[in-house]
Amino acid sequence: MLVLDNVTKAFKTGTFGGGTLPAVRGASFEIRPGEVTSLIGESGSGKSTLGKMILRLTPVTSGTITFEGTDIATLKGKPLREYYRHVQGVFQDPFSSYNPVYRADRVFATIRHSYYPGVSADAWHERVDKTLESVGLNPVDVRDKFTHQLSGGQLQRILIARALLLDIKLLIADEIISMIDASTRVDVLNLLANLKTRGLGVLFVTHDLSLGNYISERTIILRRGAVVEMGATPKVFDNPQHEYTRMLLTSVPQLHKKWEAESGAEMEAMGATSPGQDRGRPGRYSKSSLHPLAGMRDRKGRRAQAALHEQDLAEGLLRTDTYLRTHEEVLPLVEIEEDHFVATSTGAR
Amino acid sequence: MTVLKTDEAAEKAGAPDAAVSAGSGKPRRFEFLYFALRNKKLLLGLSVVVLFVLFAVFGPLFVQHPMLNYYIPFRPPSSSFWFGTNYFGQDVFSEFVSGLRESLLVGLLGGCGATVIGMTLGFVSGYKGGLIDEALNVLCNIFLTMPVLVLLILVAGFLHHTSGLIEGILIACTTWTWSMRAIRAQTFSLVSRDFVGLARLSGEKSRQIIMREIAPNMSSYLLLVFILSFGGAILTAASLDYLGLGPTNGMSLGIMMQQASDWNSLQLHLWWWFVPPGAAITCIVGGLYLANVGLDEVFNPKLREL
Amino acid sequence: MGLTVDHLQVCYRTLRGDVKAVDDVTFSIEDREIMGLAGESGCGKSTLGNSLVRMDVRMRQLGGHVELDGKELPISDSRAMRDFRFKEISIVPQYAMSALNPTRRVGRMVAELLKARGFDYKSALPELERRVKLVGLDADILKRYPIELSGGMKQRVVMVISTLLNPSLLIADEITSALDVSTQRAVGEMLLEFRDRNFVKTTMVITHDLSILAQVADTILVMYAGKLAEKAKADVVINNPLHPYTQLLISSLPDVGIRHDEHTLVGIPGRPPPLLNPPVGCRFRDRCPFAFDRCTDEPPFVEVKPGHSVACWLHADGALPSGGV
């Protein structure tokens, strides 16, 4: 349904856009209808950027994203609006997804205004109520409410309902439950998993492996913007092949199992935001990147980083990380068993 | 920062606020009014400004001696000449009334103009980003680094006949930079909020997103920007007038000060000639500044005191 | 010794009235104990943590008292608390990373902080460097600016700084929530290490994430809507919880290995009650599948098994005679 072919995204940094920061490097995968695909990665892995590129909120630097045979980069005006009729998104922060000036149900009014201007008010009302009920909400509870009167879970459900009002085929769910209360989290997750029975494709972007494992049919593991392992979820989780996937799995805090012996610091050193491992070899970096404010002095740089990840990278762009992004080779994916791909330099194990 | 702080704080405070607001459906505007009516700085600043505005509006009703009539000079304030007479025997009160009107009008024109230009460029720059932003930023930096007063002097000197209207436009065209910068920064941080992305996914056009999604979130901020621009414009106009570059026909507070100083009112102890305009400018600008600080406290929960 | 909190009540003052975010909370933390404080957003866990260190202008202590190492903590007197902060009690907030001044090198900032408390940076430096190395960072980090560090590095630096004077109580408020799993693990293990090396006597880890607590905490205290719900050893809370809220909460967490097709988890219907006018009786009543008549009275928080306290009428009859925590 939606195919990504060698997609890269490089954010420009520096006053005149001299530097680049690769956020996504050569990502190729497919999202199929009737399946939940989870895109798993740590901060700065480019997972949210990929979601934004699919939603056309940020342009692709190279490579193509095709939806049902059309390159989405070419869409403009009316065709773009038609694309959004089929592809929609729900974002991480439910409170930031609503304009605080208006009531929460305004999101439905904008959909009607843009897509169904011909539908009568009564018919529309009925349709909204039906959709709200289908996502487990009582319409009376949410109508005419301001966002601060609703819970995070309710707000995210409203946004899912908003997407369902359209003839949606693909839903990009970017970390949608990370800001919802623990006791209601799993219900939103179940709702997402149930969407596939309607034939929808769902791209579930998350940093939490246990959530990805819980709902998805297929899993894609991203590291520093490159896909390192992907395939059917049981295969990736029960038989992880890439060292990074294994590291992630051993660091996940579990309820009934303590962390195994290897120390967290070593684990972290392998992670995406590895500290210190290249220190002592400063000659490897250009002088300008050693400046304490490198890449941060201009807004463009900041925007690039903020887009990469809201929390970590926006605050401190790691030199090692930039270096690795720029110089590390993106290894080709090799199919080691049916529907299980691993990035490796030597071919099959 | 005001706008964002308001929202963020409301979100971050999370626990108590969410628990409180869940009960009643009153929007936040009610809260603003509550804090506004209890903010002494805002009330004091605002009442000073309002007093002068009322004075400007209704002052002409009390003028007994037309400005261009000449009476006995050097008269101190008395019951018939409330502010005395000047070197030429003109009624200082009637000069003051028309000067105040002119100064407020020029300030309003300059302040509004600067805010409108700053808003337009700031919104476009912050929303569009990229090359457009870069270009507008360069333009803004040029105006920012240019000594505006010198430029105004040149232009005003070049135009032989200036009026309040021209003066106001000139001020607006040269002082929009600060408001543009502020609005651009605010827009920039609002654009990264998810509701803007969602608006795009709903097929809204750029103009609609700016007007419907972004601008309403900055209304309190825009008000602050306007108040500061208004005060700034009054001061700039007064400086220009004092340098003799003001309206060639008509009166303003700055012109009064200029004439008073040109005709040695200080040495002649004609204090009633320069004190009223000087005090008026100080009070209006100070009042606006105070109101601005007060409003900031009202809009910004972090500065509020219960 | 350790920390003793006795019938503490803290409210937020708002326009619509007082919101009792911490309502009659009694517990204690022993020396060398890491206590996890768990609960959903809005349950009062952060308010409790903050009230022990720094009262917000909107916060008021309505009752109860707090003792640290046998000394009464003047928590509602912000000035008197100055003598305790940093020396006796330290808090590491969630976004500790952004608490670092971007224009100061890390070392200089520490020097200023120490100076303000009457300590000398030079004499503290060897210990500081030793501890920085201990958490896997280079001593060189003191000469760097905060933006040169990653989120995990900053979080660790802040933890080293805040425990430099060996405080009696360290409050870690959601310190792992913004971190990646690999960094979470490093920070979690740091908490254990600090305890083992006696850098801190007692630790309170505030989080919504029970699985982190399962890794690091000795005991877990669960809060719900401003009240205590359950307290016991960590493995008891995770494996044999008694309070229906804890039970339902834990059963709703997707642990690694659980798949939706095979085992669909369910959340807890409804949402916590508003704290402005909380309902009388058990606050979990409306969401509780086991609620019965008695729940309209407020259940006492009592010890029902040695070291296991719970506020629920289902278990109140088995209360041990001693009561208390």
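This report covers a sheet in chain A, the fold of chain C, and the interface of chain C and chain A.

The model is predicted: local features need pLDDT of at least 70 and side-chain atom pairs count only at pLDDT 80 or more, while totals for chains, interfaces and linings use all residues. Residues are numbered from 1 along each chain as its sequence is written, chains are lettered from A and ligands numbered from 1 in the order in which they are written, and side-chain values use heavy atoms, with hydrogens and water left out.

**Sheet in chain A**

Helices (H or I, at least four residues) and strands (E, at least two) are DSSP runs, numbered from the N terminus; two strands pair if DSSP finds at least two bridges between them. In chain A, 4 strands form an open, antiparallel sheet in the order β2-β1-β4-β5. β2 (19–31) and β5 (70–71) of chain A are the edge strands, each with a single partner, so one side of each has no neighbour in the sheet. Helix α1 (residues 47–54) of chain A packs on this sheet and touches β1, β2 and β4 of chain A, where contact means heavy atoms within 4.5 Å. The direction of α1 makes about 115° with that of β1(A); axes are lines fitted to C-alpha atoms, for helices over the stretch in contact, and angles run from 0 to 180 degrees between N-to-C directions.

**Chain C**

Chain C has 10 helices and 12 strands. Of its 325 residues, 56% are buried, meaning under 20% relative accessible area (1.4 Å probe, protein chains only). In strand β10 (residues 227–233) of chain C, 6 of the 7 residues are buried. The hairpin of β9(C) and β10(C) has 2 residues between the strands, and Ala225(C) there takes a positive phi near 50°.

| Strands | Bridges | Partner residues |
|---|---|---|
| β1(A), β4(A) | 5 bridges | Val3(A), Thr66(A) |
| β10(C), β12(C) | 2 bridges | Glu230(C), Val310(C) |

**Interface of chain C and chain A**

In this interface, 58 residues of chain C are in contact with 63 residues of chain A. The buried area is about 5100 Å², with 51% from carbon and sulfur atoms; this is the accessible area (1.4 Å probe) that two parts lose on being put together, summed over both. The rule finds 1 salt bridge across the interface, a salt bridge being a side-chain nitrogen of Lys or Arg within 4 Å of a carboxyl oxygen of Asp or Glu. Asp261(C) and Lys196(A) form a salt bridge at 3.9 Å, N to O.

Note on methods. Buried < 20%, exposed > 50% of the residue type's maximum accessible area, 1.4 Å probe, protein only.
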